[in-house]
Amino acid sequence: MSADPAGRRPRPRLPYLLIAPSFLALLVVLGYPLVDMVTLAFQDMTRKELFSGAAPPWAGLGQFRTILGDGFFWTVVARTALFTVVCVSLTMALGLIVALLMRRTSPWVRAVLAGVLVAVWAMPVMVAAAIFRWLFDADYGLVNWLMSTLPGIDLARHNWFTDPWQGFAVITAVVVWGALPFAAVSLHAALTQIPPELEEAALIDGARPSQLFRYVTFPAIKPLFVMVTTLMAIWDFGVFNQIWLMRGGQPEREYYLLGVYSFIESFAVNRYSTGAAIALVTVVLLLAGAVVYLRQMLRLGEAE
Amino acid sequence: MRRPRRRYDLLGLLVAALLGFPVYWMVLTAFRPATEILSLPPEFWPSHPTLGNFARAMGTETFWPNVRSSAVIGLGTVLVSLVVGTLAAFALARFRFAGRKAFVVVILTVQMIPLAALIIPVYLLLNDAGLTDSLGGVILVYLVFTLPFTVWMLHGFIAAIPAELEEAAMVDGCGRFGAFVRIILPLLAPGLVATSVFAMVQAWNEYVLVYVLLSTPEKQTLSIWLVSFQTSFGTDYGGLMAGATLTALPVVIFFLAVQRKIAAGLATGAVKG
């Protein structure tokens with residue numbers, strides 16, 4: 001990078017010109033709405049203002065007072081947190097297992113696994129939701145039939161979505177199934193970059209497999225593991241599509257997570273400001289995860 | 001080593017079968033006549049394959065307009081984000097300048113903002129600009145959501161190209177632009193392909209935003225078509241699975257075509273910064 005300062009010095013403006021289009025696009029289409037969202041959360045915008053174009057009245061902290069004082073909001077927050085923890089743990093655990101497994105299989109099995117992972121990765125969310133709705137269909141779904149073949153279980157005409165816990169189990173399955181390939185492929189990529197000598201040396205020194213993993217393998221992939229985990233957490237915390245689609249665009253209140261709640265307040269009830277306030281709280285809650293992710297990324301970036 | 005490996009192979013195949021099964025079940029159902037779909041116990045292999053479900057799915061009124069719409073949005077997003085993204089990626093990979101780190105932080109942070117949280121203000125913004133219900137508006141918004149990833153990934157690819165190559169070209173009389181076009185661009189081609197597929201897939205798969213932004217049925221994308229299919233056809237699972245297969249097909253083909261490059265991109269772009 002330092003070979004040619006002369007070529008760069010005379011034109012210090014060039015890099016700024018190069019990033020200008022990206023920066024402008026981000027500023028207008030993302031920065032402005034972000035500011036707008038914050039403003040909106042302190043106002044009271046309804047359908048009337050949307051169509052007349054009149055400035056919505058200020059509401060101060062009113063929106064926040066309403067939602068933070070509402071027990072249901074905290075139920076949704078707790079539900080979202082629980083959902084995120086379960087989904088992320090399952091995805092990362094299974095992803096790690098698949099990634100470790102891929103290292104030990106023959107090349108052709110690894111190729112098969114990689115092919116399947118990529119195919120699953122490529123499945124659009126609404127396709128995945130459609131497939132799982134069909135698999136878990138009350139009358140003709142494969143899952144009910146399969147489970148009913150087990151002794152002592154009869155799930156004929158069992159509707160998985162009557163009980164939200166079971167419904168969320170299905171939604172978790174869709175989310176984890178969809179996210180697993182990304183986790184497994186990235187972790188496998190990180191595993192292949194560990195120099196084999198490292199693990200061989202530990203084995204020669206008499207490390208047991210569990211010790212090998214704990215003291216050699218895992219520390220080597222830890223930066224990427226942390227990064228993927230935070231990314232997953234951020235995505236799962238803001239989950240919207242899977243719930244929306246699995247509930248046919250009309251999720252019951254028992255199925256509200258923060259993303260769905262904010263969307264419904266805005267576009268079904270037309271209380272845009274309440275929706276914005278909920279979205280703002282969501283983003284603030286996400287910031288905790290974001291800090292971890294950023295630090296990890298920047299640390300990786302500096303190692304470059 | 002032989003014996004345990006066979007056990008792992010078996011386990012690997014089992015995992016592959018389990019993970020791939022939903023996809024198999026989708027394709028199987030898509031090729032099945034309705035009578036077989038709704039019969040228990042189910043069969044696990046095709047016996048009387050039919051194209052009837054596909055004909056029904058493709059026969060819906062808005063299918064072809066929506067394919068066109070998806071293609072326009074996908075290609076538009078890819079094209080613009082590649083051009084804009086390559087410029088920024090080049091700046092990040094080849095220059096040290098004040099504000100570089102801040103820009104990187106912006107790029108990385110933006111990737112984390114959940115799209116669903118921004119729908120309302122984005123909708124209001126496009127509403128003010130008269131860009132709701134227009135494909136251009138959707139492309140503009142998608143651009144912003146694919147750009148950070150594009151820049152980050154391409155910056156990895158460009159950083160992997162030795163700067164000496166460009167410098168040699170410049171010594172030989174190429175301008176900076178000439179060196180970029182003749183040296184960087186050809187070497188960057190694989191990276192551009194991988195990145196564009198990723199952007200394309202994101203645009204192809206997105207649902208909420210187009211659902212809010214596009215109201216004319218003919219302008220909507222395949223993802224909305226598929227979801228409306230679920231409601232308008234009730235439990236026509238044959239048609240639904242055929243529609244799902246059609247929606248997923250282009251993405252799967254793209255993905256499989258460049259999967260190696262995506263893995264390489266993850267390794268160079270994301271892992272090593």
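Residues are numbered from 1 along each chain as its sequence is written, while chains are lettered from A and ligands numbered from 1 in the order in which they are written. Because the model is predicted, local features need pLDDT of at least 70 and side-chain atom pairs count only at pLDDT 80 or more, whereas totals for chains, interfaces and linings use all residues.

The model scores ipTM 0.85 and pTM 0.85. Within chain B, helix H4 (residues 63–94) has the highest confidence, at 93, and helix H12 (residues 237–271) the lowest, at a mean of 72; helices here are DSSP runs (H or I, at least four residues), numbered from the N terminus. Over residues 266–273 of chain B the pLDDT is below 50, yet this stretch has 22 contacts in the model beyond near neighbours in sequence, a contact being two residues whose C-beta atoms, placed from the backbone, lie within 7 Å.

Where the chains meet, chain B contributes 85 residues and chain A contributes 82 residues. The side of chain B that touches chain A is made up of 68 nonpolar, 12 polar and 5 charged residues, where Ala, Val, Leu, Ile, Met, Phe, Trp, Tyr, Cys and Pro count as nonpolar, Asp, Glu, Lys and Arg as charged, and the others, Gly among them, as polar.

Chain B is itself assigned domain 1 (1–50) and domain 2 (60–271), with bounds that come from an automatic or database domain assignment. Their contact takes 7 residues from domain 1 of chain B and 6 residues from domain 2 of chain B. On the domain 1 side, helix H1 (2–30) and helix H2 (34–37) of chain B each give two or more residues, and H1(B) gives the most, with 4 residues.

Two loop residues remain to be considered. Most residues other than glycine have a negative phi. Asn270(A), in the loop between helix H12 (258–267) and helix H13 (272–302) of chain A, has a positive phi near 65°. Asp133(B), in the loop between helix H6 (115–128) and helix H7 (135–159) of chain B, has a positive phi near 55°. Asn270(A) counts as partly exposed because it has 14 C-beta neighbours inside 10 Å, the cut-offs being 20 or more other C-beta atoms within 10 Å for buried, 12 or fewer for exposed, and partly exposed in between, with C-beta atoms placed from the backbone. Asp133(B) is partly exposed, with 15 other C-beta atoms within 10 Å.

Technical notes
pLDDT = per-residue confidence, 0-100.
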